[in-house]
Amino acid sequence: MAASPSTARAINDRFALRLLQDEGPLTATQLKNLTGLSRPTVADLVERLQGSGLVHVVGESGAVRRGPNAKLYGIVADRAHLAALDVRTSSVSVTVADLLGTTLAEASVPVGDEHGTGPAVEKAVALLERTVKEAGADRLHTVAVGAPGLIDPASGELRDSTGLPAWHRRLVGVLQERLPAQVLVENETNLAAFAELREGAARDREDFVLLWLGQGVGAAVVLDGRLRRGASGGAGEIGFLPVPGTSGLPSATGCDGGFHELACASAVGTLAAAHGLDPAEALPTDHAAFLDALAARLAVGAAAVVSVLDPGCVVLGGETGHHGGTALAARVAAVLASLSPLRTEVRPSTLGDAAVLRGALLLARDAAQDALFGPPATGV
């Protein structure tokens, strides 16, 4: 069935806006060539988008003669402002950006349980307010929060989880109450995978699993280019995976005895100390015995994921994966090849610890653009 004229216009408008997002300012002739639309259709499209306040003239192209055809059109970047928050166990980081995702201001602050739930929330909110003011933004259109824990797939809310600070969940509620903005929340590991998919180590992959190796341990599953969250939002809770070489079995309320016990930051520090290294220093990539021992641990978790999902690619993320680099990734790949018949490439993260905040900003940008440009046909 052919699309109605209004639907066709909406599709064309969104296509043009995505091109302006991805390619930067374009002339009407360039839009015509890239979209395949007729010159009158492009002229109507540009006029419509200018009237909506989404597109404006940003200059002239030196590649064509001066005149109407030389005008360069670009997205109005300050049409909306966005914020991304990376909420950790003991800190909060904030980035404020424009509609194109260009960072305008960013800041971080330590926040711990010793503050208490109320004061911790107020400290985080104050950080956001200061950063928004520094960015010169009047108001926020969309805010995306990345946090550890499970996200309820029905409500989209951060679930109350044992072992995580109470102020995390309260912060999301306060932001939703106080801000005249759309507030989204997503698991930190999923956001890291989103960033690696769009801008990092997995840009060329449709299927991969990200192992998040930091203070906590988790995994994010991307299949057919989309995040897979699971029935309860818990897909990838690999920290609870029972593995040999631990103190016992994990439980529903704690991952002691799970893969977390082998691969979390404190466990990596203990392993480093056992090899005569300073656990407070950066991960050594020139100590073969330590890297071999660490790779053997990580390959156990990777093998479990690969045997079930066969993603073809595992990205080692978080502080350990990023700092371990290709030296650690190559060792994990070698051990994994001895544990599984499924050919799997292992890559280090290219975004590292910054992936969570970058993923949150990409989520906020996509949501804002969906609201202003019209909904996409598909999404992550």
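Predicted model: local features only at pLDDT ≥ 70, side-chain atom pairs only at ≥ 80, totals over all residues.
Residues are numbered from 1 along each chain as its sequence is written, and side-chain values use heavy atoms, with hydrogens and water left out. Helices (H or I, at least four residues) and strands (E, at least two) are DSSP runs, numbered from the N terminus.

Strand β8 spans residues 208-213, and six of its six residues are buried, so the strand is largely enclosed by the rest of the structure; buried means under 20% relative accessible area, exposed over 50%, and partly exposed in between, with a 1.4 Å probe and protein chains only. In a regular strand the side chains alternate between the two faces of the sheet. In β8, Phe-208, Leu-210 and Trp-212 point one way, while Val-209, Leu-211 and Leu-213 point the other way, and all are buried. With strand β9 (residues 217-223), β8 pairs in the antiparallel sense over six bridges, and the two strands form a hairpin with three residues between them. Within this pairing, Trp-212 stands opposite Gly-218 of β9. Strand β8 is also joined by four bridges to strand β11 (residues 313-317), and these two strands run parallel.

Thr-320 is a residue of helix α10, and it is buried, with a relative accessible area of 6%. Leaving aside residues up to four places away in sequence, Thr-320 touches Leu-213, Val-268, Leu-283, Leu-294 and Leu-328, where contact means heavy atoms within 4.5 Å.

Another open sheet of five strands has the order β5-β4-β3-β6-β7, again described by mixed pairing. Its edge strands are β5 (103-110) and β7 (182-187), each pairing on one side only, and its neighbouring strands are turned by 15° against each other on average, direction ignored. Strand β6 (residues 142-147) and β7 run parallel and are joined by six bridges, with Asn-187 in β7 as the bridge partner of Ala-147. Helix α6 (residues 188-199) packs on the sheet and touches β6 and β7, its direction making about 95° with that of β7. Helix α5 lies across β3 (81-87), β4 (91-98), β6 and β7, and runs at about 165° to β3.

Helix α5 (residues 166-178) also meets helix α4 (residues 117-135), their axes coming within 9 Å and crossing at roughly 50°. The two helices are therefore oblique to each other, given that angles under 35 degrees count as roughly parallel, over 145 as roughly antiparallel, 65 to 115 as roughly perpendicular and the rest as oblique. Among the residues of α4 that meet α5 are Thr-117, Ala-120 and Val-121, and among those on the α5 side are Ala-166, Trp-167 and Arg-170.

Helices α1 (residues 5-23) and α2 (residues 28-35) have axes that come within 11 Å and cross at roughly 115°, and they are therefore roughly perpendicular to each other. Phe-15, Ala-16, Leu-19 and Leu-20 of α1 make this contact with Leu-31, Leu-34 and Thr-35 of α2.

Helix α11 (residues 355-373) has 19 residues and reaches 26 Å from its first C-alpha to its last, close to the 27 Å expected at 1.5 Å a residue, the expected span being 1.5 Å times one less than the number of residues. Of the 19 residues of α11, 15 are buried, so this helix is largely enclosed by the rest of the structure. Just after α11, Gly-374 takes a positive phi of about 110°.

Key. Pairing = 2+ DSSP bridges. Axes fitted to C-alpha atoms, helices over the stretch in contact; angles between N-to-C directions.
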